[in-house]
Amino acid sequence: MLKWWWVAGPAAILMAMAALQAYWLRQLHASKAQERESYLQRATFLFAAELDHRLSLVEAQFQEAGADPRRLQGTWHGLKTPELVEAIWLVDPANRDTATKLSVDSLVTLPLDRDLRAWLYGAGALRGFPPLLLGSGTMEETIVAVVWNREYFGQTFLPWCFSRALPRPTDFHYNLINAASGESLLGEADLVADGSSHFYPQTRFASPWRINDPETWDNPRFAPDTAALHFESNGALRLETRLAAGSLGAIERRQRLRDGLPALLSLVFLALAFAAFYTYLRRAKALSQQQAAMMAAFSHELRTPLATIGMAGENLADATIKDEDKVRAYGRLITQESGRLGTMVMQVLQYSKLFGKGIQAHHAHADVAASLAQVERELTLLLEGKRCKLRIECRDTPPSVAIEPEALHTILRNLISNAIKFGPSERTVEIAVVPGVQQRREGLNIHVTDHGFGIPKRERRRVYEQFYRGDRARKDQIQGTGLGLSLVRKLVQNARGRIHHQSDEHRGTTFTVWLPQPQDPIS
């Protein structure tokens, strides 16, 4: 394993960077949110002040006219925007059921308006657009009630005040709310920011005839998620504004996402880079260990046959062996060990060609039956040593496949020798050759079944790795270099074939190689 600090060190650095970025972004967003809140609050206050100033001018003009109908009509005509007022009611304290209604050019006595009655006497819910009530506050005095033109007030007067009060009015939306009922007077539903505490105070509407004392409508405090900027106020009207971009909470979430995404991506990129680097180190170390193990095994494999050949040759040269049967046995031993050496050298040469510059695929012919017979002869001593038998079945099969004879020989020798070595003694290794089709191409399936130990699950995905040798091979010191199956798969792939295996730890392993027939086109 790699040192623990290869993981802990970079991980600690990444965590520290993430914490610093999160802290910095949180402080930045808090500062921006406070700035937007202050901007909205200041804009709302300026708007309320401007609107209050304009309405105060109108109130002063009507206050100067008193309760005289003629002077009230003259004042009305003299307003810069007469359309701002819809009607004026004169309510006589001696008769509370009827009142005098002034229009611009007429004077008529009518039943008292229902909404106006609610404002004066507390006879119902305080709904609608509140009128301006003028008087000294005594019950004996005539009350002058100025009723605003709601349509003109909402469509013309308020936008005009809005544009005068704010340097960038397009950043805001506004609304007017009846503070008592919560009713939107402009048809809007967004309740966002309260106006200043002195905006349109209720003292302008305080009627001496109300049953109860003037009510106080307290608004909730500021709520960041809805961008509501509320002040406690005694106003009968509540001015509410909001940022055109949405609520403060929504703006902050969008800002956090926009600012946090690059930071998150940078951390993810660093984490992926570290993971890739760490994986590369682990693989490089594993490959180095496998190569070292392979060299050790290869050196051992070389020393054993060389020592055997040297000992047998020395005994023969000294003429210490005179019995003809023993001489022949020594000859077979030298032949066997020299064959081992030749096989090892051939594997290394093939490996260097395949995984170096590579071997190009050719249209070739190889006889499967003949190659199996040759491999069986070469492995006679190995079979005798393990007391195993080969059972070969290849009846009624095409005689050849599209692969170089040397490559087919290497494939079969590696698979069959492995089947003999990786298992107990006194077994039968089965080789079955049957026709098979892969992707609409005709060919032969070669099944090699060992009835041996089987491959553990944790090792099955690694059997084709270069230099890899399983636990049993190392523990039982089974001959091999770790190149055989890797070489077999590469040779099969070069011939446009397929290889796979099935294994059971209790029943053994079957390797299946499919190779195309020579008549099939090979692209």
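The model is a predicted one, and its chain has twelve helices and 14 strands. Of the 523 residues in the chain, 42% are buried. Among contacts with a separation of 6 or more, 69% link residues 24 or more positions apart. The chain exposes about 29,100 Å² of surface, and carbon and sulfur atoms supply 55% of that area.

**The sheet with order 9-11-12-14-13**

- Let's begin with an open sheet of five strands, in the order 9-11-12-14-13, whose pairing is mixed.
- Strand 9 (389-393) and strand 13 (498-504) stand at the edges; each has a single partner strand, so one side of each has no neighbour in the sheet.
- On average, neighbouring strands here are turned by 20° against each other, with direction ignored.
- Inside this sheet, strand 12 (residues 441-449) and strand 14 (residues 508-516) run antiparallel and are joined by seven bridges.
- Isoleucine 446 gives you a place to look, as it stands opposite valine 513 in strand 14.
- A handy rule when you trace a strand is that, in a regular one, side chains alternate between the two faces of the sheet.

**Helix 9 and its neighbours**

- Helix 9 lies across strand 9, strand 11 (428-438), strand 12 and strand 14, and runs at about 30° to strand 12.
- Helix 9 (residues 405-421) also meets helix 12 (residues 484-494): their axes come within 9 Å and cross at roughly 145°.
- The crossing of helix 9 with helix 12 is left-handed.
- On the helix 9 side, the contact uses Ala407, Thr410, Ile411, Asn414, Leu415 and Asn418.
- On the helix 12 side, the partners are Gly484, Leu485, Leu487, Val488, Leu491 and Val492.
- By type, the residues of this contact are eight nonpolar, four polar and no charged.

**How covered is helix 12?**

- Helix 12 is largely enclosed by the rest of the structure, because eight of its eleven residues are buried.
- The buried residues in helix 12 are Gly484, Leu485, Ser486, Leu487, Val488, Leu491, Val492 and Asn494.
- Just after helix 12 comes arginine 496, with a positive phi of about 60°.

**Loop residues with a positive phi**

- As background, most residues other than glycine have a negative phi.
- Glutamate 426 is not a glycine, yet has a positive phi of about 60°.
- You will find glutamate 426 in the loop between helix 9 and strand 11.
- Is glutamate 426 buried or exposed? Glutamate 426 counts as exposed, because its relative accessibility is 59% and the cut-off for exposed is over 50%.
- Histidine 451 also has a positive phi, near 50°, and sits in the loop between strand 12 and helix 10 (457-460).
- With 36% relative accessibility, histidine 451 counts as partly exposed.

**The sheet with order 3-2-1-5-4**

- Another open sheet of five strands has the order 3-2-1-5-4, with antiparallel pairing.
- Its edges are strand 3 (107-111) and strand 4 (132-134); each has a single partner strand, so one side of each is left without a neighbour in the sheet.
- Neighbouring strands in this sheet are turned by 25° against each other on average, direction ignored.
- Strand 4 pairs with strand 5 (residues 143-148) in the antiparallel sense over three bridges, and leucine 132 stands opposite valine 146 in strand 5.
- Helix 3 (residues 114-121) lies across strand 1 (85-91), strand 4 and strand 5, running at about 55° to strand 1.

**Strands 6 and 7**

- Strand 6 (residues 172-178) and strand 7 run antiparallel, with seven bridges joining them.
- Strand 7 (residues 237-243) is mostly covered, with six of its seven residues buried.

**A residue in helix 5**

- Alanine 286 belongs to helix 5 (residues 248-317), and counts as partly exposed at 30% relative accessibility.
- Alanine 286 and tyrosine 468 are 182 residues apart along the chain, while their C-alpha atoms are separated by 9.9 Å.

Key
Residues are numbered from 1 along each chain as its sequence is written. This is a predicted model: local features need pLDDT of at least 70, side-chain atom pairs count only at pLDDT 80 or more; totals for chains, interfaces and linings use all residues. Side-chain values use heavy atoms; hydrogens and water are left out. Axes are lines fitted to C-alpha atoms, for helices over the stretch in contact, and angles run from 0 to 180 degrees between N-to-C directions. Helices (H or I, at least four residues) and strands (E, at least two) are DSSP runs, numbered from the N terminus. A crossing is left-handed if the near helix is turned anticlockwise from the far one by less than a right angle, and right-handed if clockwise. Contact means heavy atoms within 4.5 Å. Ala, Val, Leu, Ile, Met, Phe, Trp, Tyr, Cys and Pro count as nonpolar, Asp, Glu, Lys and Arg as charged, and the others, Gly among them, as polar. Buried means under 20% relative accessible area, exposed over 50%, partly exposed in between (1.4 Å probe, protein chains only). Two strands pair if DSSP finds at least two bridges between them. Accessible areas come from the Shrake-Rupley method with a 1.4 Å probe; for residues, only the protein chains shown count as cover.
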